[in-house]
Amino acid sequence: SSSAQVPFRVVSLRARSPASAVASRPPPLLASSMGLRGAAAVALGSLLALASAEACAEAAGNCEADGASLLQVRPPHDVGDVAEDLRAMPGFLPATTAEDAERLRQIGVDCHLTEDGNCPLSGMNKSSIIHVYPGGQSACLNRSTPYFFEVKPGDEEKLLFYFQEGGACWDKVSYHLGLCTNSTQPDSWNGLLNFTDSRNPYRGYTMVKVLYCSGDMHAGDTEQPWGERGETLQVRGYRNAGAALSWALANFPRLTELRLIGQSAGSLGVQWWARRALQSFKARGARTVVIPDSFAGVLFPPDNVENTETFLFNTWNMCHDDTLTPREQEKCLAGELLLSEVFAGTVRSHPETRFGMISSKADAVQIGFEKMLGLTGQRNLLGALMTPRQFYKWLNLMLQSYVVEPNFRAYLVDGNHHVYTSEQILFETTPLSFNGTVGGHPKLIDWIDSLDEAHCKGKRVVCLGRPQPVVKIQPPPPGTCYCDEALMHRV
């Protein structure tokens, strides 16, 4: 269940039974083709479980434990066990069974841009979910599955533009381990996507959901020989998201409210696409809010971040001139650009927009993803050794770089839960508890609602815990239930 805290022990991570496995999982990779990366991933069987003692204590409700790192589990028998454990972490991939995904496809109304005209919003039934097939260069990694994005019609002057989650793939090994969705998977309509819940501040909006089947944080535009026999696969997140944005631009000539939101891989996507979307809609005068949920982009160790991001940008061919400034594109092509620079530049250049980032302090999926990327993608042993304490330290330092802008906000939750905005627990989450079992104010849903206010008052970073200094050149403070005093002083 996606409403359960994820223990930091691999042996406990299999939250789903085979019957509830996600749809369209890629085929298994033959052991003979794994080579060094496969062997490194096998080593991850122990390293993925490496968690500091305080993290294990926090999962049980004690935030004050400290100290030595512990190997908490038995090593798995093969790399497939490790990948299955990571896939089973709630929120890493869309939480739909194959049967549910097919049912959601069946109840949707199909509209093909190339065959049915422009699929105008004005002609859509507001009681239906529309599957818009843009055709052209849009594509999924699974070559037999055409791409579509979803539209839930509502107010024709209010738009929620949502980037779906779904992991990431950076080579043949990660693809065949099933670390990314490879076909469109409609999923449940909960949280901010629940348009029947009176607690949802966006329930009357038209929603465009950018489905995700490209493994490239919605930003790649290339092809890779990742098929089982070396067949070429299409990595077209840039084309897919671009098609959804173009449709939205054509169908919202007037716009009073615009919300750009994404979770997990979609959080990275919204950080990458926010500038272009905001600039594209700017002349329409809408009030704008951007919310990246549960993937800030923390990598480890810090002196290897540039190399890691360059590896991903090159693998996915992300240096596009229409999503980056000329200077950013120059740095991207030179291997010197960071996603955090792109997002910080967007926050700085759009002072009229409210930006709000959401993260758990010890997010198990963000940490697990970095471990897998470190070993299978870059053979980066130190990256595979990142602990929750280190993750939270570098998350705080990243937030320090954003919060210098007065239009930036953040909401931090104790524990290791992953993703909130598409979950029903969103309405109960507090800074001390992902599911509201421990009190604390404000609730996450109230904080999201407050982002819409023209003059939001109070602390710009919501965090409950004892203040501690977080300094780049010093070890992280003990535990992860503290709050960075540099962030707490921002009002």
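Leaving aside neighbours within four places in sequence, N194 is in contact with W189, N200, R203 and Q424 in this predicted model. N194 is found in the loop between α5 (172-176) and β7 (205-210). The points below describe this residue, the sheet and a pair of helices.

**The residue N194**
- N194 has a relative accessible area of 12%, and it therefore counts as buried, the cut-off being under 20%.

- An open sheet is formed by 10 strands, in the order β3-β4-β5-β7-β6-β10-β11-β12-β13-β14, and its pairing is mixed.

**Strand β4 and its partners**
- Strand β4 (residues 130-133) is covered on both faces: I130 and V132 are buried on one side, and H131 and Y133 are buried on the other.
- On one flank, β3 and β4 run parallel and are joined by 4 bridges; here D110 stands opposite H131 of β4.
- Strand β5 (residues 149-152) pairs with β4 in the antiparallel sense over 3 bridges, and I130 stands opposite V151 of β5.

**Strands β12 and β13 with helix α13**
- Strand β12 (residues 354-360) and strand β13 (residues 408-413) run parallel and are joined by 6 bridges.
- Within this pairing, G356 has R409 of β13 as its bridge partner.
- Helix α13 (residues 388-402) packs on the sheet, where it touches β12 and β13. The direction of α13 makes about 160° with that of β13.

**Helices α7 and α10**
- Helix α7 (residues 265-281) and helix α10 (residues 339-349) have axes that come within 9 Å and cross at roughly 40°.
- The two helices, α7 and α10, are therefore oblique to each other, and their crossing is left-handed.
- On the side of α7, the contact is made by L268, Q271, W272, A274, R275 and L278. On the side of α10, the contact is made by L339, V342, F343, G345, T346 and S349.
- By class, the contact of α7 with α10 comprises 7 nonpolar, 4 polar and 1 charged residues.

Notes. Residues are numbered from 1 along each chain as its sequence is written. This is a predicted model: local features need pLDDT of at least 70, side-chain atom pairs count only at pLDDT 80 or more; totals for chains, interfaces and linings use all residues. Side-chain values use heavy atoms; hydrogens and water are left out. Two strands pair if DSSP finds at least two bridges between them. Contact means heavy atoms within 4.5 Å. Axes are lines fitted to C-alpha atoms, for helices over the stretch in contact, and angles run from 0 to 180 degrees between N-to-C directions. Angles under 35 degrees count as roughly parallel, over 145 as roughly antiparallel, 65 to 115 as roughly perpendicular and the rest as oblique. A crossing is left-handed if the near helix is turned anticlockwise from the far one by less than a right angle, and right-handed if clockwise. Ala, Val, Leu, Ile, Met, Phe, Trp, Tyr, Cys and Pro count as nonpolar, Asp, Glu, Lys and Arg as charged, and the others, Gly among them, as polar. Buried means under 20% relative accessible area, exposed over 50%, partly exposed in between (1.4 Å probe, protein chains only).
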